[in-house]
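Hi,

Here is the structure I promised to pass on. Have a look at it first, then read my notes below.

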Amino acid sequence: MSKKVLVLTGSPRKGGNSDLMADAFIKGARAAGHTITKYEAGLKKINGCKACNRCYSKGAACVFEDDFNTLAPLMEQSDILVLATPMYWFSFPAQLKAALDKMYALLIGGRQSRIKESILLACAETEEEADFDGLVKTYELIASYQKWMDLAHLLIPSVAEKGDILHTDALKKAEELGLSVR
Ligand SMILES: Cc1cc2nc3c(=O)[nH]c(=O)nc-3n(C[C@H](O)[C@H](O)[C@H](O)COP(=O)(O)O)c2cc1C
């Protein structure tokens, strides 16, 4: 069955390691027949949630107009959410975290998101798999709270500079993961 897949990227580096992972995943998922939207949260202007609870009261998701208002409809209409991100300080980059924080609007606004499944693609400079624990736990708790079925984690250590990921098997794995989406 063809699904709508929203790939939310977290890096401000276009062509960086996680961006290449996202593109490899997208290549596979497209070949599997899915419809993909890539949303580069790291390149957008999304401010932190102000907890005003006035979400959707003026039509758009957030009363403080920023790029989240173009992301919210995609969140409402997608079946699968893929987070493709570098790890920053053992967690999500602020730009991506701001987008995730503002998902709050969909709860407050009583909007039904179609998202039922999620995937985490993450990379970092560390050589230690355990350094991903905080990021992964946060992702898992969000997925569980949102009742998304966690389909997979792809965690790639030891990549720092742009292009380092080309010397690993991460892109092959990301493409295979995309291809495996049913
Ligand atoms: C602000 C900042 C914080 C970072 N924090 C971590 C970290 O906590 N652990 C780590 O292993 N790498 C950390 N890194 C390194 C990145 O995760 C790494 O360079 C990654 O490959 C960047 O991916 P990108 O090319 O997709 O942006 C950090 C990089 C930046 C710029």
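Two ground rules before that. This is a predicted model, so I took local features only at pLDDT of at least 70 and side-chain atom pairs only at pLDDT 80 or more, while totals for chains, interfaces and linings use all residues. Residues are numbered from 1 along each chain as its sequence is written.

**The sheet**

Helices (H or I, at least four residues) and strands (E, at least two) are DSSP runs, numbered from the N terminus. There is an open sheet of 5 strands with parallel pairing, in the order β2-β1-β3-β4-β5; strands count as paired if DSSP finds at least two bridges between them. At the edges sit β2 (35-40) and β5 (149-156), each of which pairs on one side only. On average, neighbouring strands are turned by 15 degrees against each other, direction ignored. Helix α5 (residues 133-145) packs on this sheet and touches β3, β4 and β5, and its direction makes about 170 degrees with that of β4. For those angles, axes are lines fitted to C-alpha atoms (for helices, over the stretch in contact), and values run from 0 to 180 degrees between N-to-C directions. "Contact" between two residues is C-beta atoms, placed from the backbone, within 7 Å.

How many bridges join β3 to each of its partners? Strand β1 (residues 4-9) is joined to β3 by 5 bridges, with Leu6 facing Leu81 as its bridge partner. Strand β4 (residues 117-123) is joined to β3 by 7, and there Leu83 has Leu120 as its bridge partner.

**The core**

A nonpolar core here is a set of buried Ala, Val, Leu, Ile, Met, Phe, Trp, Tyr and Cys residues joined through C-beta atoms within 7 Å. The largest one has 50 residues, and Val7, Leu8, Met21, Phe25, Val82 and Leu121 touch the most other members. Helix α1 gives the most to this core, with 7 residues. Beyond four places in sequence, the contacts of Leu121 include Met21, Phe25, Val82, Leu154 and Ala174.

**The ligand shell**

The ligand has 19 residues around it, the closest being Gly16, Ser18, Pro86, Ala124 and Thr126; the cut-off is a C-beta atom, placed from the backbone, within 6 Å. Helix α1 (residues 17-31) gives the most to the shell, with 3 residues. By class there are 9 nonpolar, 5 polar and 5 charged residues, where Ala, Val, Leu, Ile, Met, Phe, Trp, Tyr, Cys and Pro count as nonpolar, Asp, Glu, Lys and Arg as charged, and the others, Gly among them, as polar.

**Loop residues**

Tyr56 is in the loop between β2 and α2 and counts as partly exposed because it has 16 C-beta neighbours inside 10 Å. Lys147 is in the loop between α5 and β5 and, with 9 such neighbours, counts as exposed.

Key: Buried ≥ 20, exposed ≤ 12 C-beta atoms within 10 Å, placed from the backbone.
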